[in-house]
Amino acid sequence: MSPTIAVVGAALAGLSAARALRDQSFDGRIVVIGDEVHAPYDRPPLSKEFLAGTASLDDIGLGAPDDEELGLEWRLGTTAVGLDRVSRSVLLSDGSEVRADGVVLATGARARRLPGSEGLGGVHVLRSLDDAIALREDLASASRLVVIGAGFIGAEVASTARKLGLEVTVVEAMPVPLAGPLGAEMGAVCAELHADHGTRLLTGSGVAGLVGTGRVEAVELTDGTRLPADVVVVGIGAIPNIEWLADSGVALGNGVLTDARGVTNIPGVVAVGDCAAAWSVSAERHVRIEHWTHALEQPATAVATLLGAEGAVPASVPYFWSDQYGARIQFAGSRREDDVARVVEGSCAERSFLVVYERDDVPVAVLGMNQPRLFTRWRRQLRSAVPAPS
Amino acid sequence: MIPVCLTTALPPGEATRIEAEEPIAVFNVDGDFYAIDDTCTHQDASLADGWLDGCSVECPLHASCFDLRTGKVSGPPAKTPVRTHRVVVQDGMVYVQPGITADGAA
Ligand SMILES: Cc1cc2nc3c(=O)[nH]c(=O)nc-3n(C[C@H](O)[C@H](O)[C@H](O)COP(=O)(O)OP(=O)(O)OC[C@H]3O[C@@H](n4cnc5c(N)ncnc54)[C@H](O)[C@@H]3O)c2cc1C
Ligand code: FES
């Protein structure tokens, strides 16, 4: 009988894994299980073009014309509820199970919710297509938006809502937005985009709670300020979808724990994309990367290992982008707290610059705003400088 | 035919953009010249700003890859190919013929 590989999670990482399996000549059965009813779609536009109404569902589909030839068996609208490590079976919500010789875990992450916001109308998170459709509908008849959290998704939603003509306030608990990924200095520069475009940004502001019965009316801050709101978007990070694996014996932490190749502690089971926390040789700990390009590229290595290939893990440099207020922000590399940021091109004031982060005078990361050409060169250069982890 | 530049002005591994009805990106791959639509079919990025890797260019934004010879997508998120255009090199000058594909079809 031909072997079966089950892919759990039917989004970017899952689809990339299925494509990589065929690319690497796996001709057995591939079953792709996804709890959403939608065929795989792209998430980045959900806070950008799709929310703005300039991209359609068709535009954001991840499927390609050639995908028919992959011969995938889709189980959409079906939730995986457990994994039996002995028989390597994936247990499904409809009571059936998929017995597999190999399993790819690609269940991604979900948006963290604000405690106490359950059931209150007008309060949104943004992770799925359904979230985006609901938010878009709600924004259409709203005039005041409060975004809780000035991370990338919060900033993008604020930017899109400004474009739609709403009055927008962004509330951030930390003194500087994006300090985690970009460092305080550059986080502050990127956050200036809000003021440039008429969005009010309140930093160092804790949220005490939401006001309203049935539907939200205001956001109350810890200092007592009330921000009136027709719609509230909560953008305070994401949680990996791994609870369904609790009894499976798969090692879990802040994500499914894997080695640098994406292999879990259970033979024949790999994890990819946003749900996986892979061992990072340079950071000397498990790191869960939540970037699009990672979910696209890393599955090739994981499934190669699943198919029995050995050899070096290809060198990779984390990369992500964010589009806000028409500005293109791109970041690549691995930044640490005491790295020194240096502007090598353009200027922050002009909102067009390239910044290189250096550690002991060696470039380790690069940030560009509206500098795609130069950024791409630097990104490539970083990639060629990274020693492949063995 | 639209003049692009002197062959010496576009060294191997480099790309340039020319304004036409639709902007066109011209690449030098180890001495061979290729021309494709400059605008990525995914969103609004200039492929002349992208990264040349052999005969394919990687979009500077979301890393879609296009084959310079055929215009075909070799990596998502783009789904639609870009158009190719014929390149003519004459007397040390590079020209493109928009509307005529690289393989000669009109
Ligand atoms: C609004 C938004 C904007 C973004 N913008 C950017 C950007 O500009 N740049 C960038 O680099 N990254 C961006 N990202 C991040 C990027 O989209 C993610 O890194 C990427 O989606 C990860 O893909 P994934 O397949 O690992 O996980 P996901 O996309 O989360 O997909 C996992 C899938 O598995 C399903 N699933 C979960 N549990 C189960 C189960 N038990 N059984 C079956 N199916 C299950 C989920 O419903 C989902 O469909 C953005 C994300 C969001 C939400
Ligand atoms: S704009 Fe080219 S890949 Fe997105």
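I take a cavity, on a 1 Å grid over the protein atoms alone, as a set of points where a 1.4 Å probe fits but cannot get out. A pocket is an open set with protein on both sides within 12 Å along at least five of seven lines, and lining residues have an atom within 4 Å of a point. Grid points are joined across faces, edges and corners, and a volume is the space filled by probe spheres set on the points.

I am working on a predicted model, where local features need pLDDT of at least 70, side-chain atom pairs count only at pLDDT 80 or more, and totals for chains, interfaces and linings use all residues. Residues are numbered from 1 along each chain as its sequence is written, chains are lettered from A and ligands numbered from 1 in the order in which they are written, and side-chain values use heavy atoms, with hydrogens and water left out.

**Cavity.** I looked for cavities of 30 Å³ or more and the count came to 1. The largest cavity has a volume of about 50 Å³. Both chains line it: W292(A) and W321(A) are among the lining residues, as are H42(B), Q43(B) and H62(B). I sorted the lining by class and got 4 nonpolar, 3 polar and 4 charged residues. Here Ala, Val, Leu, Ile, Met, Phe, Trp, Tyr, Cys and Pro count as nonpolar, Asp, Glu, Lys and Arg as charged, and the others, Gly among them, as polar.

**Second largest pocket.** I read its volume as about 910 Å³. Of its 31 lining residues, R19(A), V73(B), S74(B), G75(B) and P76(B) are the closest to its centre. I then checked the helices (H or I, at least four residues) and strands (E, at least two), which are DSSP runs numbered from the N terminus. Helix 1 (12-23) of chain A gives the most to this lining, with 5 residues. Strand 8 (73-75) of chain B supplies at least two. The classes come to 15 nonpolar, 3 polar and 13 charged.

**Interface.** I counted contacts (heavy atoms within 4.5 Å). 19 residues of chain B touch 23 residues of chain A. Buried area, the accessible area (1.4 Å probe) that two parts lose on being put together, summed over both, is about 1,800 Å² here, with 47% from carbon and sulfur atoms. On the chain B side, W51(B), L61(B) and K79(B) lose the most, together 35% of what that side buries. I found 5 salt bridges across the interface, each a side-chain nitrogen of Lys or Arg within 4 Å of a carboxyl oxygen of Asp or Glu. I also noted the salt bridge of R377(A) with E14(B), at 3.5 Å between the closest N and O atoms.
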